Amino acid sequence: MMGKKIQITGFVLLAFVQLLIPAKMIWEQEHILKKGTEYKFKTAPVDPNDPFRGKYITLSYEASSFNVANEMDWEYGQTIYVVLTTDQKGFAKIASITSEVLEGTEAYVEGSVLFVTRNGSNQVTIGYPFDRFYMEESKAQPAEITYRNSQRDTTTTTYALVRVKNGKAVLKDVLIDGVPIKELVGKERTGND
């Protein structure tokens, strides 16, 4: 009888832990969305041969490279901390990067080194954790086309709204000339029906 109680207690604890972990992840994402500082990251064109995988849009950002003092201090895959600021138009730009955890500031995001230019230009290309914008399956392909077309149009401003808090970031939305891409795709779909 005692063994059965231990099994039941173990099962209840295991079930609780399995529910607690996803709940904590969801709570952290929601907390960043509510309390984090919002940044507008201007997007950059992506290779048209592979801009979309599955049900998300692959995003690339203009603020993704930074000149460093010594290119030999940086390695591919290295975890880095990107300190953010904004330009005159309100778009995110990189103030600095460091390999050490930052204390006392919320205006940074954890990223990784994607590429180091080893030709004396001292440039580091940064990978952000918010490079995929997930969408409803039925809107994914039209959104990809709309996004790609907006990247080709030099009169269009395409950017991602990203909430940042204590190194963590959550991609909130992708906008084209201030209109969420989900709305643009919805308008196109109802106009074509």
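Which residues make the nonpolar surface patch of about 490 Å²? In this predicted model, the patch is built from F16, V17, L20, I21 and M25. One of these residues, I21, sits in helix 1, which covers residues 2–35. With a relative accessible area of 48%, I21 counts as partly exposed, because that value falls between the 20% limit for buried and the 50% limit for exposed.

Strand 13 is joined to strand 12 (residues 168–176) by 2 bridges, with the two running antiparallel. Here L175 has P180 in strand 13 as its bridge partner.

Now for strand 9. This strand (residues 123–127) pairs with strand 5 (residues 65–67) over 3 bridges, in the antiparallel sense, and F66 finds its bridge partner in V124 of strand 9. Strand 9 also pairs with strand 8 (residues 108–117), again antiparallel, this time over 5 bridges. V124 turns up here too, standing opposite V116. Between strand 8 and strand 9 there are 5 residues, and the two strands form a hairpin. In its turn, G120 has a positive phi of about 90 degrees.

Terms used. Residues are numbered from 1 along each chain as its sequence is written. This is a predicted model: local features need pLDDT of at least 70, side-chain atom pairs count only at pLDDT 80 or more; totals for chains, interfaces and linings use all residues. Side-chain values use heavy atoms; hydrogens and water are left out. Patches are made of residues with over 30% relative accessible area and no salt bridge: like charges are joined within 9 Å, nonpolar side chains (Val, Leu, Ile, Met, Phe, Trp, Tyr) within 5 Å. Accessible areas come from the Shrake-Rupley method with a 1.4 Å probe; for residues, only the protein chains shown count as cover. A salt bridge is a side-chain nitrogen of Lys or Arg within 4 Å of a carboxyl oxygen of Asp or Glu. Helices (H or I, at least four residues) and strands (E, at least two) are DSSP runs, numbered from the N terminus. Buried means under 20% relative accessible area, exposed over 50%, partly exposed in between (1.4 Å probe, protein chains only). Two strands pair if DSSP finds at least two bridges between them.
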